Amino acid sequence: MTLLQVRGIETHIGQYHILQGVTFEVVPGEITVLLGRNGAGKTTTLRSIMGLNPVSKGEISFQGERVEALPTHRISRQGIGYVPEDQGIFPDLTVGETMRIAMRLNDDHTKARLEWVLELFPDLHKFWGRKSGLLSGGQKQMLAISRAYVNDNRLLLIDEPSKGLAPIMVEKLMLAIEQMKAKTTVLLVEQNFMMASRIGHRYYLMDEGRIVSEGMMAELQQDEATRRKYLGIA
Amino acid sequence: MSGMRTSKIGTIWFVIFVAGLAALPFINDSRSFLILMTQICIFAVFAMSYDILLGFTGIVSFGHCMFFGIGAYTSGVMLDRLDASIGTLLLSVLVGVLLSALLSYIVGMLSLRLKSHFYAMLTLAFSGLLLVLAEKWRSLTNGNDGFTFPIPSVMKDRTVLYFTALAVMVVMFLLLRRFTQSPVGRVLLAIRENEQRTESLGYEIVHYKVFATVVAGMAASISGSLYVLTLRFVNTTVFGMDMTLNALLMTIIGGVGTLFGAIIGASIIEWAHHGLSELAKFHPIFERWIIFFGLLYIVVVLLFPAGIVGTLRLWWLKRRGRRLEQSLQADSNAIRKEGAG
């Protein structure tokens with residue numbers, strides 16, 4: 001049983017044909033990684049799943065239900081959390097206010113998830129009353145991930161969490177995402193292959209708006225030719 | 001803790017500010033001064049209503065005067081056609097508020113599903129429509145000439161009218177502040193800062209935007225009702241573009257997204273308007289007071305790019321930020337040490 005199925009989606013942004021028939025699936029309880037160079041279409045794929053870049057062709061099914069025609073807020077309420085590439089924090093709101101907005105329900109289950117995420121990222125607890133705009137880059141990323149995680153989302157879409165962060169902070173975030181795997185499924189977009197290969201189970205490699213290679217992460221670690229061709233790394 | 005202390009200090013300053021305003025009629029009881037202060041309170045409510053749109057939701061309106069005009073005409077017509085009692089006045093305010101809520105809901109639902117500039121254009125069209133309606137429906141409005149109407153006898157006392165306007169301004173400020181600090185208000189701020197991210201969190205943003213326009217429309221209608229009460233006269237100027245521009249400038253000069261800035265903006269613009277017109281008695285150049293008005297805007301925008309209250313707030317945050325930055329640096333050092341360990 002797959003959690004998310006993407007079949008032949010095509011997405012246009014203005015006159016540009018960005019996604020040209022992307023097909024892949026996400027299995028529950030796993031971390032699936034979308035890899036590829038800049039401009040391969042990874043971010044657009046996540047945005048298309050969220051309905052932020054509407055697809056012009058193809059199907060997206062989440063838990064067996066078609067979602068590609070739904071508006072973004074309804075896709076989110078189906079149980080998909082999204083952490084965008086730019087973190088998309090609300091600079092004028094405090095950490096606490098951001099988390100309160102993110103919590104759609106105020107039940108014990110959501111509170112327990114909040115508690116858990118605050119244990120995972122103690123900095124957020126520490127800076128609860130601080131404006132999000134005053135946080136460091138790593139703390140902003142923690143906030144963005146927590147905001148998406150706090151609801152009972154069955155799938156988290158995380159776009160390049162390591163971008164622009166110090167190695168120590170990347171390490172912390174990757175460990176945190178790995179821990180989240182026990183509670184939710186993750187579809188991760190990442191350029192940092194070393195990090196992604198450590199926590200990812202399954203990979204899909206994108207190039208020019210198409211999936212060009214797929215398989216288990218362990219296989220890609222052995223396949224130097226594919227890595228060199230599509231990621232430019234040995 | 002520091003947030004609570006800041007809020008307490010803010011409350012104390014606000015109480016002092018209101019007490020100062022309440023003491024004014026006892027210090028200077030000249031008629032023109034009281035009229036000016038009453039107008040400031042009324043336009044402060046109008047500007048605060050605009051701030052809900054622009055400052056807290058990021059929506060630009062070119063026709064916000066239509067809600068002001070609805071309040072103005074509803075009160076004018078009802079006091080003229082029914083009786084000049086307090087009951088009729090209150091009823092007219094209520095009817096104006098309901099009509100504005102309905103119209104803002106319709107305009108919002110028609111345009112806010114699209115980009116915000118459609119709302120700006122549609123409000124401009126609707127306010128133009130209401131202006132034409134007011135001009136042509138002469139049997140009710142007497143067209144461009146307008147009409148005078150009686151007001152409740154207790155309101156004829158300028159001091160009573162001033163205290164009424166002051167009370168309305170304070171109550172509206174507290175209500176709107178409560179609204180902006182409520183969970184809905186926080187979602188509106190999130191929408192202003194990042195519409196797509198807010199939608200990604202599962203919020204149907206159009207509902208929140210429409211709600212904000214309804215609240216803003218209702219508040220603007222109350223200010224319109226009060227405005228014609230001070231003039232005992234209403235004509236089509238209440239639907240003029242000038243009204244919307246005044247609200248926009250008051251909000252920008254005071255500080256967008258601060259609410260209190262709208263009060264400061266209204267005070268500055270009304271004082272400048274009054275002061276420059278008065279100077280025309282001494283030198284003919286001040287008959288062209290609008291030029292000086294323009295210069296004033298330029299100076300204020302140059303000196304206070306985020307508005308007066310907004311710039312002061314930024315200055316205060318910067319001061320606090322420096323302290324926070326030091327603590328952030330200490331935290332980051334601790335994380336590095338932890339990593340190295």
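Modeller: Helices (DSSP runs of H or I, at least four residues) and strands (DSSP runs of E, at least two) are numbered from the N terminus. Residues are numbered from 1 along each chain as its sequence is written, while chains are lettered from A and ligands numbered from 1 in the order in which they are written. The model is predicted, so that local features need pLDDT of at least 70, side-chain atom pairs count only at pLDDT 80 or more, and totals for chains, interfaces and linings use all residues, with side-chain values resting on heavy atoms and leaving out hydrogens and water.

Colleague: In which loop of chain B is B:Arg232 found?

Modeller: B:Arg232 is not a glycine, yet its phi is positive, at about 55°. With a relative accessible area of 27%, B:Arg232 is partly exposed (buried means under 20%, exposed over 50%, partly exposed in between, with a 1.4 Å probe and protein chains only). Its place is the loop between helix 10 (205-231) and strand 2 (233-234) of chain B.

Colleague: Is A:Glu160 buried or exposed?

Modeller: A:Glu160 is found in the loop between strand 7 (155-159) and helix 7 (167-180) of chain A. A:Glu160 also has a positive phi of about 45° although it is not a glycine. Its relative accessibility is 5%, so A:Glu160 counts as buried.

Colleague: Which residues does B:Ser75 touch, not counting residues up to four places away in sequence?

Modeller: B:Ser75 belongs to helix 3 (residues 65-81) of chain B, and at 0% relative accessibility it counts as buried. Contact means heavy atoms within 4.5 Å. Apart from residues up to four places away in sequence, B:Ser75 touches B:Ser92, B:Val93, B:Ser225 and B:Val228.

Colleague: How far apart in space are A:Gly29 and A:Phe127, C-alpha to C-alpha?

Modeller: A:Gly29 sits in the loop between strand 2 (16-26) and strand 3 (31-36) of chain A, and is partly exposed at a relative accessible area of 39%. Not counting residues up to four places away in sequence, A:Gly29 touches A:Lys181, A:Thr185 and A:His201. A:Phe127 is 98 residues from A:Gly29 in sequence, and the C-alpha to C-alpha distance is 31 Å.

Colleague: How are helix 2 and helix 7 of chain B arranged relative to each other?

Modeller: Helix 2 (residues 31-54) and helix 7 (residues 158-181) of chain B have axes 9 Å apart and pack at an angle of about 20°. Angles under 35 degrees count as roughly parallel, over 145 as roughly antiparallel, 65 to 115 as roughly perpendicular and the rest as oblique. Helix 2 of chain B and helix 7 of chain B are therefore roughly parallel.

Colleague: Which residues of helix 13 of chain B meet helix 12 of chain B?

Modeller: The axes of helix 12 (residues 260-279) and helix 13 (residues 289-303) of chain B come within 10 Å and cross at roughly 145°. From helix 12 of chain B, the contact involves B:Ile268, B:Ile269, B:Ala272, B:His273 and B:Leu276. In helix 13 of chain B, their partners are B:Trp289, B:Phe292, B:Phe293, B:Leu296 and B:Tyr297.

Terms used. Axes are lines fitted to C-alpha atoms, for helices over the stretch in contact, and angles run from 0 to 180 degrees between N-to-C directions.
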